[in-house]
Amino acid sequence: MPTKLPYVANPAVIVKILHKVKEAKTPERFTTDFLETKLGVTGVNERQFIPFAKKLGLLNSDGTPSELYKSFRNPKTSGNAIADALRRGYRELFERKES
């Protein structure tokens with residue numbers, strides 16, 4: 001049975017939030033309050049980022065930032081970290097064989 005792939009209604013939101021994540025201090029927990037008060041983003045589409053980030057492994061199931069999140073914030077490891085996150089979140093697509 002196929003897994004449910006990560007999804008956000010407005011993909012531009014992902015880029016917007018990821019840029020802000022790099023600028024903001026790492027929170028104890030990444031919550032909607034953090035999105036609104038610290039990152040300055042509000043709205044339904046922005047809230048979809050939290051479950052999306054959990055599927056990618058950027059956030060742990062309890063909303064705490066993972067080591068991957070911290071690696072993403074580091075300019076030297078950011079590119080590799082986000083590539084790893086995409087491979088985790090979309091593992092099913094990466095594992096499919098070409099026909």
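The model is predicted, and local features are given where pLDDT is at least 70, side-chain atom pairs count only at pLDDT 80 or more, and totals for chains, interfaces and linings use all residues. Residues are numbered from 1 along each chain as its sequence is written, and side-chain values use heavy atoms, with hydrogens and water left out.

The largest nonpolar core holds 25 residues, and I17, F30, L39, F49 and L58 have the most contacts inside it; such a core is a set of buried Ala, Val, Leu, Ile, Met, Phe, Trp, Tyr and Cys residues joined through side-chain atoms within 4.5 Å. Two or more residues of this core come from each of helix 1 (12–23), helix 2 (32–38), helix 4 (49–56), helix 5 (67–73) and helix 6 (78–89), where helices are DSSP runs (H or I, at least four residues) numbered from the N terminus. Contact here means heavy atoms within 4.5 Å. With neighbours within four places in sequence left aside, the contacts of L58 are L18, A53, P65, S66, L68, Y69, F72, I82 and A85.

| Residue | Relative accessible area | Class |
|---|---|---|
| S78 | 5% | buried |
| E46 | 11% | buried |
| K22 | 38% | partly exposed |
| F94 | 53% | exposed |

S78 belongs to helix 6, and its side chain reaches the backbone oxygen of F72 at 2.9 Å, a polar contact being a pair of N or O atoms within 3.5 Å in which, within protein, one must be able to donate a hydrogen and the other to accept it, while residues adjacent in sequence count only if both atoms are side-chain atoms. Beyond four places in sequence, S78 is in contact with K22, S71 and F72. K22, in helix 1, in turn touches F72, R73 and S78, again without residues up to four places away; K22 and F72 are 50 residues apart in sequence, yet their C-alpha atoms are 7.6 Å apart in space.

E46 lies in helix 3 (residues 44–47) and, not counting residues up to four places away in sequence, touches V13, K16, I17, L35 and V41.

Methods:
Buried < 20%, exposed > 50% of the residue type's maximum accessible area, 1.4 Å probe, protein only.
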